[in-house]
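Dear colleague,

I am passing on the structure below, together with some notes on what was found in it. Please read them with the structure open beside you.

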Amino acid sequence: MNFVYQGNNQRVVFAAGARSRAGEELDLLGVSRAMIITTPPQADSAASFARLIGDRASIVYPGAQMYTPTNVTEGALTAVSSVKADGILVIGGGTAIGLSKAIAFRTDLPQLVIPTTFAGSEMTRILEEVERGIKKTQRSPKVLPETVIYDPELVAGLPLRVVGPSAMTAMAHAIDALCAVDANPISSLLAEEAIRALRRALPRLLAGPNEAAWADALYGACLAGTCLGTVAMGIHHKICHALGGAFDLSHADVHCILLPYTAAFNRNTASKAVQRVARALEGDDVPSALYDMMLEVETQPSLKALGLTRAALERAADLAMKNPCGSSSQVTREEILQILFAAYEGKRP
Ligand code: NAD
């Protein structure tokens, strides 16, 4: 056996109701003037966290935007210095966490993250930003949040239209990690367990409020983010990043729609890893099983339905070929286009 695994140095608190510990966790981090970051739709939730942590709150900043545009970060940095914030409390999904990471990258401020989606960004040292329509990805220990509080009760507010695609995003992270060129026994163990937890969660997530399903999905998202953050990203992320950054599409929808088709590609190039996915999904035909899940959760189940044009796919293929995060260096533009066209048509892979 021969492998490299870079673990995370993080504190993770996981419990229903654990959000009430936010103040104590900030104290442990030595934060006394927290900037509370979120997205505009979660401004009320951020305000209630400000009340919860009392004097430790310096400003509520509900200005995060999907894909972390650098001009938004510049505005947030001005706010950081004007209130002399000494730490960040994030409440939200990958968008809010992205802004927090971009600030931490530039200031090294400590971060307490309370995730409310299954994107898993809180568990990675990956910073994704968009500058003039191009998504840039870099890794730095500075962006890894020091503390994460998972509280399944917070998933209750997540719109149903977002719940399923978000859980499928976590599934995509785990599958990409299993298929990575540098996958190792530890990351693969985490990935397989993540897929199992997400498979258990998915049907129950859609059937109505279910705290056990929210907990399974958050647990799966935590593991999926952890393993994804330790390996090179594969073909799935190479394509999703190109699409998401350039066409301003929902991150979760793009991952969800592409997943059956990238899994079909991986079945040929990483067949052993896809066998492990099959074991965790308890089904033989992985692309087909993922396609069924995608149809169940997506209201717009193809790139065509998302509003993309065929010409846009050509541009996305060009961008994906330039994307340095992809580990599958042998992938050709033609293969990427085939995946994109299949996801555009939305037929069973
Ligand atoms: P998101 O954070 O944009 O959330 C989706 C929508 O749901 C938003 O409108 C948000 O305000 C709302 N929302 C979230 N939680 C809610 C709740 N509990 N109640 C009510 N509304 C809620 O979407 P996302 O899919 O979580 O994150 C996407 C972003 O994360 C992208 O920018 C992507 O690039 C980034 N990302 C980064 C990494 C990484 O490792 N760096 C990993 C995954 C995703």
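**Ala 246 and its surroundings**

Ala 246 has its place in helix H8, which covers residues 235-247, and I begin there, with the reminder that what you have is a predicted model. Setting aside residues up to four places away in sequence, Ala 246 touches Gly 133, Arg 315 and Leu 319. A further distance to look at is that from Ala 246 to Tyr 67, for although these two residues are 179 residues apart along the chain, their C-alpha atoms are separated by 9.9 Å.

**H12 and H13**

Helix H12 is made up of residues 310-322 and helix H13 of residues 333-345, and their axes come within 9 Å and cross at roughly 140°. H12 and H13 are therefore oblique to each other, and H12 passes H13 in a right-handed crossing. By class, the contact of H12 with H13 has 10 nonpolar, no polar and five charged residues. On the H12 side the residues that take part include Arg 310, Leu 313, Glu 314 and Met 321, and they meet a set in H13 that includes Arg 333, Ile 336, Phe 341 and Glu 345.

**H5 and H9**

A second pair of helices is formed by H5, residues 160-178, and H9, residues 251-269, whose axes come within 8 Å and cross at roughly 60°. H5 and H9 are therefore oblique to each other, and their crossing is left-handed. In the contact of H5 with H9 there are, by class, eight nonpolar, five polar and one charged residues. Among the residues of H5 that meet H9 are Pro 165, Met 168, Met 171, His 173 and Ile 175, while those in H9 that meet H5 include His 251, Asp 253, Cys 256 and Leu 259.

**Thr 124**

Is Thr 124 buried or exposed? Its relative accessible area is 6%, and because buried means under 20%, Thr 124 counts as buried. The side chain of Thr 124 is joined to that of Lys 101 by a polar contact of 2.9 Å.

Methods
Residues are numbered from 1 along each chain as its sequence is written. This is a predicted model: local features need pLDDT of at least 70, side-chain atom pairs count only at pLDDT 80 or more; totals for chains, interfaces and linings use all residues. Side-chain values use heavy atoms; hydrogens and water are left out. Axes are lines fitted to C-alpha atoms, for helices over the stretch in contact, and angles run from 0 to 180 degrees between N-to-C directions. Helices (H or I, at least four residues) and strands (E, at least two) are DSSP runs, numbered from the N terminus. Angles under 35 degrees count as roughly parallel, over 145 as roughly antiparallel, 65 to 115 as roughly perpendicular and the rest as oblique. A crossing is left-handed if the near helix is turned anticlockwise from the far one by less than a right angle, and right-handed if clockwise. Contact means heavy atoms within 4.5 Å. Ala, Val, Leu, Ile, Met, Phe, Trp, Tyr, Cys and Pro count as nonpolar, Asp, Glu, Lys and Arg as charged, and the others, Gly among them, as polar. Buried means under 20% relative accessible area, exposed over 50%, partly exposed in between (1.4 Å probe, protein chains only). A polar contact is a pair of N or O atoms within 3.5 Å; within protein, one must be able to donate a hydrogen and the other to accept it, and residues adjacent in sequence count only if both atoms are side-chain atoms.
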